[in-house]
Amino acid sequence: MSILSTKQLTKQYGDKQNIVKALDGVNISIEPGEFVAIIGTSGSGKSTLLNMLGGLDRPTSGTVKVDNYELGKLKDEDLTVFRRQRIGFIFQNYNLVPILNVYENVMPIQLDGKKPDQKFIQEIVTLLGLEKKLLHMPNTLSGGQQQRVAIARALASKPAIILADEPTGSVDPRTANYIFDVFTELNRQGQTILIVTHDVALSKKVKRVVAIRDGKISSERILKEKYADRIKEAAIDWRNEDTQEEYAIVDKAGRVQIPRDILSSMNLQDNKVKLELSEGKVISSGPPAEL
Ligand code: ADP
């Protein structure tokens, strides 16, 4: 059973004269233990989707379910409690509290009398190499260290899922690789993770990559078997390797979004394609030039 799912999720901004469809019918389902990356160009709807999944904003229509709770049915106060307990959100700019030290930032806010699991938090702090920084203030830390504090804070309440908005967006490539390895290790230990990223090299190391275009899921890429257990190998040039197989998404009405690179190499003169079924494969071609 999925740990997170959406059905026909839409989000519109603006008024009747000027509607922006930031999300336009997104269906996604994530299983426990998956590591998923969402990719897409700027303005494609990634942040909007992440905010809906994290219960930070409410959809215009459609549903979001986390851990079998439909977020839209929760009252604002209940949603806040649910979010703090079950969703680990990592913001692009870390959102650490500047007047609290590392330890205080990581400690979950006590809700419903639940005591934070000190032993577990100690383990996370050690995994993230923060044990000597606990009394430091955020402004004395490097970007990579602040990002690790943000990850520790997100993990501290043992969330059902970690949602991370461009977690390597503001750090140098070496730190980005390090942070990515931390996510890989957390996922190996069973943590479900969903990240938004524009980093092509890193997205090539993720088992499942969902591409979003104009508020719709346009394609999915799945890591090829032979790379799945080689993720931590430095010898692979992830930028140049063809590590994933791409699948287009067919919606209920049979519509398909053709991945951009395939679309451009099809060299279509207008918007018509001819489809043929041949030996179990669908072959598409543009109309002959004289038509
Ligand atoms: P991405 O994260 O992929 O860059 P966003 O989710 O931020 O994309 O934005 C998707 C679309 O929704 C864009 O056209 C953006 O301008 C629009 N949008 C996002 N947030 C708002 C908002 N608060 N008000 C109006 N339009 C918005």
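Tutor: A residue counts as near a molecule or strand if its C-beta atom, placed from the backbone, lies within 6 Å of it. This is a predicted model, in which local features need pLDDT of at least 70, side-chain atom pairs count only at pLDDT 80 or more, and totals for chains, interfaces and linings use all residues. Residues are numbered from 1 along each chain as its sequence is written.

Student: Which residues are around the ligand, then?

Tutor: Tyr-13, Gly-14, Val-20, Ala-22, Gly-40, Ser-42, Gly-43, Ser-44, Gly-45, Lys-46, Ser-47 and Thr-48.

Student: And which element gives the most to that shell?

Tutor: Helix H1 does, with three residues. H1 (46-53) and strand S2 (20-30) each supply at least two. Helices (H or I, at least four residues) and strands (E, at least two) are DSSP runs, numbered from the N terminus.

Student: What about the sheet, in what order do the strands come?

Tutor: The order is S2-S1-S4-S5, in an open, antiparallel sheet of four strands. S2 and S5 (69-70) are the edge strands, each pairing on one side only. Two strands pair if DSSP finds at least two bridges between them.

Student: How many bridges join S1 and S2?

Tutor: Eight, with S1 covering residues 4-13. Among the partners, Leu-9 is bridged to Val-26 in S2.

Student: Changing topic: how is the protein divided into domains?

Tutor: Domain 1 is 4-257 and domain 2 is 258-291, with bounds from an automatic or database domain assignment.

Student: How far apart are their C-alpha centres?

Tutor: The centres of domain 1 and domain 2 lie 35 Å apart.
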